[in-house]
Amino acid sequence: MEFIGIGVGRGIAVGQVAWMAPPPAEPSTAASGRGPERELERAQTAAAEVARELRRRADAVEGTAAEVLGAQALMLEDPAVHGSVAEHVARGATAERAVFEAFAAYRELLTGMGGYLAERAADLADVANRVIAELSGAAAPGVPDPGHPFVLVANDLAPADTATLDLDRVLAVVTLEGGPTSHTAILAREKSLVAIVGADASGLVEGETVIVDAANGRIVRDPSDDDLAAAAARQAELAAEAMAPIAPGRLADGTSVPLLANLGDPAGAEEAVRLGAEGVGLFRTEFLFLGSETAPTGAVQEEAYERLLAAFPERKVVVRVLDAGADKPLAFLGGKHEENPALGLRGIRALRRTEPVLREQLRALAAAASRTYARVEVMAPMVATVEEAAWFAEAAHGAGLPVAGVMVEVPAAALLADRLLAAVDFASIGTNDLTQYTMAADRLLGDVAELQDPWHPAVLRLVGAVGDAGAALGKPVGICGEAAADPLLAVVLVGLGATSLSMSPSALAGVRAELLRHSAVQARAVAEAALGADGAASARSAAAEAVALR
Ligand SMILES: C=C(OP(=O)(O)O)C(=O)O
Ligand SMILES: [Mg+2]
């Protein structure tokens, strides 16, 4: 018997299930007799206390985890929420009920917006539950402590909990809710946690032993001795990969395939270097400014870029200019309501409408580059036309950044890759969006997750077209989407002409080990096998078979 979900990473773990403590019960609508003034004071004191606690936890961690906790603390200080709590209290609600109502309304608003914002709704529910628990003197909802290492199972793990999980005790995480881009998935990937999200696993029983197999998105109940032996063998294989000496990425015949890191915060640079990143293939600058109402100043940007670049002397660092829109809204770049935001004013389109923001970003990056020794490259997201590519290259070169490229994320760009590449210095394929647009499947929507598979031969053909164009023109073609983190797919991508691969740092060891098992000729054969399939699943099996048959 097994349950299925969306696996995050390739890890596998065996352990006993421990369910997350349920959130506090819904507060009663009955009045307390304490009066509105006293209730408001109680609500404010509890909110301030929870915000303080979240900040304390934020200070104890780094990177995305600190951002998530900081963002939660900010939610508690939102004047709109305070206003709403005060209104409910004035109408006779208890502090508990007023907090419940105010956050429920806020949550509904976010859920209605869909996409990235809807996935942040879980953060709000968590904040509200913490305040209600504080008010009623209950322990904060949080991670259980069964007294031994365990597999944590939760409806939807609160970001504050994921961020601060004790990795010595939590063997794996399974959540019933959440998509591939939920905070749980993002943070789990960053922490190299074995995790399965969106799992149909409500039947898991406290204390039962399960295998959590993230690579296959399976939670195996009542595992047999054979299942356990296979899991142990897989764990040993992954441990050997992680222990293997860190060397530059290359194929079995010595062909160099630089392995680079995807980063969204300079704070992640040190860990990326430790895991053997040979540079940065994608620095997502918009992650630095997701909450900002106004465009970041040049000085703030210079400081952030300099911090990043300083960690990679003599190394390649590819910085992407702001990729606003759809799942990553930035108030200062567009921000207008769109019916189809994924097809709207995003990426380079938004920047051309707000050109001074782009010019200032390029200037700040060139200034930071001049003070460090990294080999800085800059690229534009969501390019769809040759004209956009040429315009961006001219802007970047004009700002003193000699190496300028484009991301290939739109089928139009892949189909015209020869002409696009003629206008720029390199291409980097964003397989997340390229898959979304090729398959017409929203990358944030769990219901179409099956179509959101970069193994699909339609996506692979487009990657091959870009690889061919790069080879013909002698220009580099990198991969910076999640596809590069899948070791076998990484081999296929190299076989299709990718010259470097960029991924979450935790995926580097697995990809490094797999590349070493194939020569360039063999990688091309594996790619051909995948290209010849009809669908994503058969492409994956065809590639695996091509390897096994050798
Ligand atoms: C790397 C990509 O960019 P992002 O995930 O930030 O959209 C991509 O689309 O593959
Ligand atoms: Mg993208």
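**Fold, cores and ligand shell**

Guide: Among contacts in the protein between residues at least 6 apart in sequence, 67% join residues at least 24 apart, a contact being two residues whose C-beta atoms, placed from the backbone, lie within 7 Å. The model is a predicted one, in which local features need pLDDT of at least 70 and side-chain atom pairs count only at pLDDT 80 or more, while totals for chains, interfaces and linings use all residues. Residues are numbered from 1 along each chain as its sequence is written, and chains are lettered from A and ligands numbered from 1 in the order in which they are written.

Visitor: What radius of gyration does the protein have, and how does it stand against that of a compact globule?
Guide: The radius is taken over C-alpha atoms, and the globule rule is 2.2 Å times the number of residues to the power 0.38. For 550 residues that rule puts a compact globule near 24 Å, so the protein's own value agrees with it, at 24 Å.

Visitor: Which domains does the assignment give, and how far apart are the C-alpha centres of domain 2 and domain 3?
Guide: The bounds come from an automatic or database domain assignment, which gives domain 1 (2-21 + 142-232), domain 2 (36-135) and domain 3 (255-548). Between the C-alpha centres of domain 2 and domain 3 the distance is 35 Å.

Visitor: How many residues does the largest nonpolar core have?
Guide: Such a core is a set of buried Ala, Val, Leu, Ile, Met, Phe, Trp, Tyr and Cys residues joined through C-beta atoms within 7 Å, where buried means 20 or more other C-beta atoms within 10 Å of a residue's own, exposed means 12 or fewer, and partly exposed lies in between, with C-beta atoms placed from the backbone. Val406, Ala417, Val466, Val492, Leu493 and Leu501 have the most contacts inside the largest core, which has 109 residues. Apart from it lies another core, of 65 residues, with Val127 and Ile196 among them.

Visitor: Which element gives the largest share of the shell around ligand 1?
Guide: The shell, counted by C-beta atoms placed from the backbone and lying within 6 Å of the ligand, consists of Leu282, Arg284, Asp323, Glu409, Gly430, Thr431, Asn432, Asp433, Cys480 and Gly481. Two elements give two or more residues to it, β10 (279-284) and α17 (431-439), helices (H or I, at least four residues) and strands (E, at least two) being DSSP runs numbered from the N terminus. The largest share, three residues, comes from α17.

Visitor: Is Met382 buried or exposed?
Guide: Met382 lies in the loop between β12 (375-380) and α14 (386-398), and its phi is near 60°, a positive value in a residue other than glycine. Most residues other than glycine have a negative phi. Because Met382 has 26 C-beta neighbours inside 10 Å, it counts as buried.

Visitor: Is Glu314 buried or exposed?
Guide: Glu314 also has a positive phi, near 65°, and is placed in the loop between α11 (298-310) and β11 (316-320). With 8 C-beta neighbours inside 10 Å, Glu314 counts as exposed.

Visitor: Which residues is Ala364 in contact with, leaving aside its neighbours within four places in sequence?
Guide: Ala364 is found in helix α13 (residues 355-370) and is buried, with 23 other C-beta atoms within 10 Å. Its contacts, with those sequence neighbours left aside, are Gly298, Gln301, Glu302 and Tyr305.
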